[in-house]
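Try each task before you read its solution.

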Amino acid sequence: MEGKADYQQSVVELVAAFEEHCRDSTSAQRDKQAGRQPQQLPAFPASQSHSLTRKEDEEEKNQQGQRGLSFKCLRSLRSKIREDNWRRPQGPDLEPGSQEPEEKKIALELLETEQAYVNRLHLLDQVFYTELMREAKTGKTVPEEVVKMIFSNISSIYQFHAEFFLPELQKRMEDWHHNPRIGDVIQKLAPFLKMYGEYVKNFDKAVELITAWSEKSPPFQELIADIQKRKVCANLTLQHHMLEPVQRIPRYELLLKDYVRKLPPQSPDRGDAEKALEMIFMVAKHSNAAIAEMERLQNLWAVYQRLGLEDDIVDPSNELIKEGPIQKISTRNNSTSEKYLFLFNNMLLYCVPKVIQVGAEFQVHLRMDVGGMKVRELKDAEFPHTFLVSGKQRTLELQARSEEEMNDWIQAFQDAIDRKEKRSETFKTAVHGLETDTPALKAEELGRRAPQWVRDNLVTMCMRCREPFNAITRRRHHCRACGYVVCARCSDYKAELQYDGNRPNRVCQECFIFLTGHTVLEDREGKHKGILEKGAAEVSSRSLLCSSLQLLDKNGKGSTRGWFVIPQDDPLVLYIYAAPQDVRAHTSIPLLGYQVRDLPQSESRHLFQLVQSRQVFTFVADTEELKQRWMKAMARSAAGITEEEEDEAE
């Protein structure tokens with residue numbers, strides 16, 4: 001293993017040293033060429049000017065009008081390379097009936113295609129790149145950095161093939177009679193082909209830059225068009241010439257495969273050729289992976305832009321599995337609202353479309369980890385095509401537009417769950433949900449995962465004490481541990497829930513005892529206190545808002561100062577105490593249905609009112625800031641808005 005690691009390290013160092021040498025020599029060569037006419041291509045036979053067949057040539061000519069080449073184009077061209085129609089026709093001396101061995105014919109074909117390939121690299125580096133860079137230095141076309149980004153490391157690739165690979169192949173073919181082998185040459189030089197990864201990754205960006213700057217800078221476009229008219233370009237665009245390096249590695253692989261297949265069993269080159277083929281295969285795999293990875297990152301970045309590029313979401317290691325609109329079923333009012341889901345390999349983003357799409361298309365309302373998630377179909381006559389997604393942070397009832405769409409979502413969720421569990425040693429075998437349609441959790445799961453909430457319209461009485469609900473004295477609440485609908489008395493407990501970061505949550509009495517191990521005091525089990533029998537200090541410690549206010553009488557002349565409280569566990573009622581430490585409120589005002597009115601400041605008094613029909617309450621706050629806080633809190637309660645209902649609406 002150490003020898004293999006040393007070899008890999010030496011390869012990395014060789015590639016780095018070679019590219020450094022190429023950059024230095026290229027810089028010196030271009031300094032000498034400043035002001036001179038561009039070099040012409042080396043004199044090779046016209047038949048060797050390029051290795052495209054007539055079929056490919058016609059297809060590429062038909063694509064000349066296109067402004068850019070995408071990764072889809074790359075994949076289609078790569079599939080063409082897998083066929084044999086790109087192979088050069090054999091010369092007269094290499095007819096199938098000739099006496100030359102088959103492996104030599106393939107070796108000669110490799111040499112000929114390499115010569116044509118060096119021609120193409122010469123065109124890219126010494127003509128296009130050199131002339132565009134010269135004009136860029138004048139400041140009349142595009143910035144120099146843009147030209148460098150377009151051509152990436154093409155200079156290193158050109159010098160490697162022109163000064164190292166091609167000369168080595170030529171020497172070996174000249175000495176074929178005494179040393180009939182090429183495997184050792186390819187094996188020695190194959191590690192340097194890894195430099196293609198940088199070029200391939202940059203290809204799509206390079207094509208975009210050419211398109212963008214052709215529109216921005218007419219001189220840039222004119223210079224490229226002028227070069228493309230020359231005979232040496234063979235009526236092909238710059239983009240098509242730039243595609244040649246992307247195609248070259250797979251062609252090496254196919255030629256070498258054919259070469260190994262045609263070698264005699266006892267050939268001295270078999271061992272080296274097979275090892276060289278393995279190395280070329282790894283380089284080709286590296287090139288293919290670079291294309292796939294670049295496409296994945298581009299698609300991922302497009303999704304992040306739609307989400308507003310939030311810091312806790314942007315992660316290049318994520319993989320988008322599925323996205324699409326969905327209907328969320330509300331447990332509170334038995335209705336649906338449109339949401340949008342982004343399912344990644346490690347998380348689910350539960351979003352809402354933004355009304356004003358400035359900067360981002362969606363707003364993230366909830367993020368759920370895939371780890372520990374469960375998904376299952378629900379049998380609901382009122383809401384068909386419904387499924388349940390249960391995670392550590394939340395449980396969602398979702399409705400698809402059709403049975404097929406529902407099955408697609410369930411399959412996508414299950415695939416993500418299975419992949420997550422396989423990667424993690426801490427998760428057990430996938431569990432496919434509960435056996436029944438009841439939302440109850442297993443005892444060992446209580447508090448560890450978000451429960452499925454029972455819908456409000458499905459119950460008319462507390463699921464614990466069986467007392468009927470009403471709008472004022474016995475309102476509906478949800479136990480955050482089991483999901484049951486319970487009254488305030490039966491849910492007047494707090495317990496830390498693991499799925500919510502061990503924060504205290506409202507739970508029912510049974511879950512409180514199970515989760516904490518505490519016993520319930522007798523007075524807590526006794527008769528429920530009257531609506532006013534709540535101590536001011538106790539209620540204030542768990543209130544949405546509490547402070548001292550003045551309540552004016554009907555004629556507005558006299559006033560009574562008291563301690564006013566809106567409790568968290570009874571957020572639709574305003575309790576009025578004579579003093580902050582009183583054990584009993586002297587009155588209460590149900591806020592539901594009232595209107596909150598702002599009154600102009602009078603004699604340094606900050607006034608506001610609660611109005612319903614003929615009933616009017618006028619309050620005086622000590623400061624304008626306190627007045628605004630009370631108006632906001634009362635308006636929310638009057639509209640029936642609570643923190644619990646906001647959570648459920650999401």
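This is a predicted model: local features need pLDDT of at least 70, side-chain atom pairs count only at pLDDT 80 or more; totals for chains, interfaces and linings use all residues.

**Exercise 1.** Find the residue of E6 that stands opposite Val-375.

*Solution.* Next, consider the two strands themselves: E5 and E6 run antiparallel and are joined by five bridges. As a reminder, strands of a sheet pair through backbone hydrogen bonds, in either a parallel or an antiparallel way.

**Exercise 2.** Work out the strand order of the open sheet, then decide which strands stand at its edges.

*Solution.* Start with the order: the seven strands follow one another as E4-E3-E2-E1-E7-E6-E5, with antiparallel pairing. Now take the two ends of that order. Strand E4 (362–369) and E5 are the edge strands, and each has a single partner strand, so one side of each has no neighbour in the sheet.

**Exercise 3.** Locate His-385, describe its phi, and decide whether it is buried, partly exposed or exposed.

*Solution.* First, the place: His-385 sits in the loop between strand E5 (374–378) and strand E6 (386–390). Second, the backbone: the phi of His-385 is positive, about 60°, although the residue is not a glycine. Third, the surface: the relative accessible area of His-385 is 29%. Buried would need under 20% and exposed over 50%, so His-385 counts as partly exposed.

**Exercise 4.** Which loop holds Asn-235, and what is the phi of this residue?

*Solution.* Asn-235 belongs to the loop between helix H9 (218–228) and helix H10 (238–262). Its phi is near 60°, a positive value in a residue other than glycine.

Terms used. Residues are numbered from 1 along each chain as its sequence is written. Side-chain values use heavy atoms; hydrogens and water are left out. Helices (H or I, at least four residues) and strands (E, at least two) are DSSP runs, numbered from the N terminus. Buried means under 20% relative accessible area, exposed over 50%, partly exposed in between (1.4 Å probe, protein chains only). Two strands pair if DSSP finds at least two bridges between them.
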